[in-house]
Amino acid sequence: MRSTSRYATGIMGAALLLGCVSGPASSQDDAAGKRVLVFSKTAGFRHDSIPEGVAAVQQLGEQGGFTVDATENAGAFTSSNLRRYAAVVFLSTTGDVLDARQQRAFEGYIRAGGGYVGVHAAADTEYDWAFYGGLAGAYFQSHPAIQPATVHVEDHAHPATSGLERAWNRTDEWYNYRSNPRERAHVLASLDESSYTGGTMRGDHPIAWCQDYQGGRSFYTGGGHTKESFAEPAFREHLLGGIRWAIGDAQADCRPETGYRPLFDGTSLDGWRQAGPGSFTLSDDGTLTSSGGMGMLWYAASGFSSYSLKLDWKMAGDDNSGVFVGFPPSDDPWSAVHNGYEIQIDATDAADRTTGAVYGFKSADLTKRDRALNPPGEWNTYEIRVEGERLRVWLNGVKINDFTNTDPARSLVDGHFGIQNHGAEDEVSFRDIRIKELPSKVSEGD
């Protein structure tokens, strides 16, 4: 909780520092590519970790290939100046830091496709500005003492969390929020409230999330209170991944995700069977990686008729695999080829046989696909939605294919699905296969 004296001290410190900053100060040459603005003005409590945070983002810019400017001058928030930046990092800002004109400029910037990165006390900022509250995702409510806690990584494909342990143990000041952002934003990580004292969010405690917001991109992390956070390799990787996504250098599915249940959670293959030659290897980090072939690992425990299937995948290079849907139960992988449909994963091939295609039947929208696709070595997320005979594919949150089956022999109304191990030279990995069963009524929209 904040004390009156602590609040006053923060205001005085902010006023002194603001007097020394006249505008953005470049940390790199303008030719370095995309630019990021770090904004750390405070009108309330001031975190003593802000200098370490600014320095860390500057170092991450050197690592990630983007230029970093830092300022505490709200005068930087003009339409013409903001256009220079791919994202703005609100680094432990507090209180009312922008006036009405500056707020309008920032709203226009976000609506024109700009990026926002909120760090820690960015949630303790601009309580009377509804646009900002929606952009940040949630407002600060309270916090207990600094202490260790366990962070559960929920999304293992987003660049902010893809390199983290499934259970991330670290020390910070853990915020409680006035509302739960899960219904509005895509939760990347949440706190295990049983691992520390002082959590007030009844067991569902998001601590990092992302969202597409009114035309722009928003990433928020509740970490970063302590100076030590910005020297912590895992937290720096987390922050860099969030910035890379916000500036558009990495893609991810940041739509809200609720109602899914795991079919493969990284720990057990109960319900799955291998059809044909080859296999998948399960690693300690919960990743399935293909070897040999041509075979398929399929979910034999049950079939599905109307559903949204999500799974994360990664290619090592120019590899080949796919996700088969809508085939009858069989331990012959060619049954899936002849009776179902394959959503292809392949870096290079003909348009109807490359990533996002319904193999041999319909190419993806290649322009949208290319914009949404992360390169080999990085994770991607498919949503494959089957409703009646309609099959739609989203790649990292972007709809890239919409196909309707007209062949009774390949009916999608009831069937199984599986992931392909294509051949000895192909290496494709999968994570977090989950499903949400949908009403049987066919949807006409997205």
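Mentor: Two strands are said to pair if DSSP finds at least two bridges between them. Please keep in mind throughout that this is a predicted model.

Trainee: Over how many bridges do E7 and strand E10 (residues 186-191) pair?
Mentor: At least two bridges are needed for two strands to count as paired, and E7 and E10 meet this in the antiparallel sense. Within E10, Leu191 is the bridge partner of Val151. The number of bridges between E7 and E10 is three.

Trainee: Which residue in E8 is the bridge partner of Thr150?
Mentor: Strand E7 covers residues 147-153, and five of its seven residues are buried, so the rest of the structure largely encloses it. E7 pairs with strand E8 (residues 167-172) in the antiparallel sense, over six bridges. The partner of Thr150 in E8 is Asn169.

Trainee: In E24, which residue is the bridge partner of Phe324?
Mentor: E24 pairs in the antiparallel sense with strand E17 (residues 295-299) over four bridges, and there Gly295 stands opposite Asn421. E24 also pairs in the antiparallel sense with strand E19 (residues 320-327), again over four bridges. For Phe324, the bridge partner in E24 is Gly418.

Trainee: Are the rings of Tyr116 and Tyr132 stacked or edge-to-face?
Mentor: A search of the whole structure finds 33 aromatic pairs. In the pair of Tyr116 and Tyr132 the ring centres are 5.7 Å apart and the planes stand at 90 degrees, and since planes over 60 degrees apart count as edge-to-face, the angle decides the class. Tyr116 belongs to strand E5 (residues 115-119) and Tyr132 to helix H5 (residues 130-136), 16 residues apart, so that the pair links distant parts of the chain. Its geometry is edge-to-face.

Trainee: Is Phe361 buried or partly exposed?
Mentor: Phe361 pairs with Tyr341, the ring centres being 4.9 Å apart and the planes at 80 degrees, so this pair is edge-to-face. Tyr341 lies in strand E20 (residues 341-346) and Phe361 in the loop between E20 and helix H8 (366-372), so the pair ties together parts that are 20 residues apart in sequence. Tyr341 counts as buried at 2% relative accessibility. Phe361, at 43% relative accessibility, counts as partly exposed.

Trainee: How far from the centre of the ring of Tyr341 is the charged end of Arg410?
Mentor: Two charges over rings can be described here, and in one of them the charged end of Arg170 sits over the ring of Trp168, 5.3 Å from its centre. The charged end of Arg410 sits over the ring of Tyr341, and its distance from the ring centre is 5.4 Å.

Trainee: How far is the backbone oxygen of Thr93 from a polar atom of the side chain of Thr125?
Mentor: Thr125 is placed in the loop between E5 and H5 and is buried, with a relative accessible area of 0%. Not counting residues up to four places away in sequence, Thr125 touches several residues, among them Thr93, Gly95 and Tyr139. From the backbone oxygen of Thr93 to the polar side-chain atom of Thr125 the distance is 2.7 Å.

Definitions and conventions: Residues are numbered from 1 along each chain as its sequence is written. This is a predicted model: local features need pLDDT of at least 70, side-chain atom pairs count only at pLDDT 80 or more; totals for chains, interfaces and linings use all residues. Side-chain values use heavy atoms; hydrogens and water are left out. Rings of Phe, Tyr and Trp (its six-membered ring) pair if their centres lie within 6.5 Å; planes under 30 degrees apart count as stacked, over 60 as edge-to-face and the rest as tilted. Helices (H or I, at least four residues) and strands (E, at least two) are DSSP runs, numbered from the N terminus. Buried means under 20% relative accessible area, exposed over 50%, partly exposed in between (1.4 Å probe, protein chains only). A charge sits over a ring if NZ of Lys or CZ of Arg is within 6 Å of the ring centre and within 35 degrees of the ring normal. A polar contact is a pair of N or O atoms within 3.5 Å; within protein, one must be able to donate a hydrogen and the other to accept it, and residues adjacent in sequence count only if both atoms are side-chain atoms. Contact means heavy atoms within 4.5 Å.
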